[in-house]
Amino acid sequence: MTADRRRRLWADVVGAARGGAVAVDHVCAAAVSVAGVDSGAVAVILDATPRELVCATDRTALELEDLTLTLGEGPCVDATTGGPVLVGDLTVPECRNRWPAFAPAAVFAGTGAVFALPLRVGGIRLGVLDLYRACAGDLGAEQLADALVLAGTACAVLLDDATRQGVDRDDQWPERTGLHHPEVHQATGMITVQLGVSAAVALIRLRAYAYSQDRRLRDVAADVVARRLHLGPAGAPGDRHG
């Protein structure tokens with residue numbers, strides 16, 4: 001990629017900021033524009049949960065990120081542990097086999113294609129840039145190249161934000177980064193103490209309950225935090241509403 005092209009992409013980011021300080025949501029908006037998709041989101045990796053939403057460009061992106069968080073599967077999950085996951089058509093059988101819960105739910109929500117780009121610096125996983133398109137269709141070579149450059153820009157912005165604000169001893173992003181679902185972290189911690197299990201197992205219990213009740217993870221977590229819901233050990237008749 002030429003220096004001129006990188007400067008053009010940075011100009012797109014600065015333009016999205018409209019004279020203000022550049023933030024990760026401006027990078028996300030620029031990525032949506034250059035990739036020719038309809039919406040996008042950025043999520044980070046945290047200790048307490050596999051991912052936490054930092055920004056989303058519209059309600060569709062919020063809906064898709066919420067599905068990913070609740071179901072724990074999909075292109076945006078796979079990209080956090082591997083390379084880019086580029087899905088030009090979510091309706092093909094391979095997608096339904098690979099993501100049996102997420103793929104049909106995403107299609108029902110009006111999404112035909114998903115492009116998940118990991119945010120990494122060396123061996124450090126920071127998160128993922130997720131791009132969504134209503135209609136099926138692959139990214140062009142130049143669109144993908146530009147989106148990958150902006151994924152690197154998102155990494156730089158996230159790291160700069162964390163450096164300026166300070167990261168706590170649990171290696172979690174500070175609250176001022178605008179995380180959307182703090183109740184999930186709180187509920188996970190409460191279940192960890194209540195059941196004497198790891199955070200990973202506590203999150204599985206939350207997800208299992210949400211899936212069995214056809215509810216969103218954030219709503220179940222809010223009930224746990226408010227003590228309206230108590231989750232008993234897996235397989236035991238201990239789940240009860242207050």
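**View A. Leucine 86 in strand 3.** In this predicted model, leucine 86 is partly exposed, with a relative accessibility of 41%; partly exposed lies between buried (under 20% relative accessible area) and exposed (over 50%), with a 1.4 Å probe and protein chains only. Leucine 86 belongs to strand 3 (residues 85–87), where strands (E, at least two residues) and helices (H or I, at least four) are DSSP runs numbered from the N terminus. Beyond neighbours within four places in sequence, leucine 86 contacts Val114, Phe115, Leu117 and Leu144; contact means heavy atoms within 4.5 Å. The C-alpha atoms of leucine 86 and valine 114 lie 6.4 Å apart, although 28 residues separate them along the chain.

**View B. The largest nonpolar core.** A nonpolar core is a set of buried Ala, Val, Leu, Ile, Met, Phe, Trp, Tyr and Cys residues joined through side-chain atoms within 4.5 Å. The largest has 31 residues, and Val24, Val37, Val42, Leu119, Leu129, Leu131 and Leu150 touch the most other members. Elements that each supply at least two residues of this core include helix 1 (3–17), strand 5 (124–133) and helix 7. A second, separate core of 20 residues includes Cys76, Ala79, Ala103 and Ala116.

**View C. Leucine 159 in helix 7.** Leucine 159 is located in helix 7 (residues 141–165) and is partly exposed, at a relative accessible area of 34%.

**Notes.** Residues are numbered from 1 along each chain as its sequence is written, and side-chain values use heavy atoms, without hydrogens and water. Because the model is predicted, local features need pLDDT of at least 70 and side-chain atom pairs count only at pLDDT 80 or more, whereas totals for chains, interfaces and linings use all residues.
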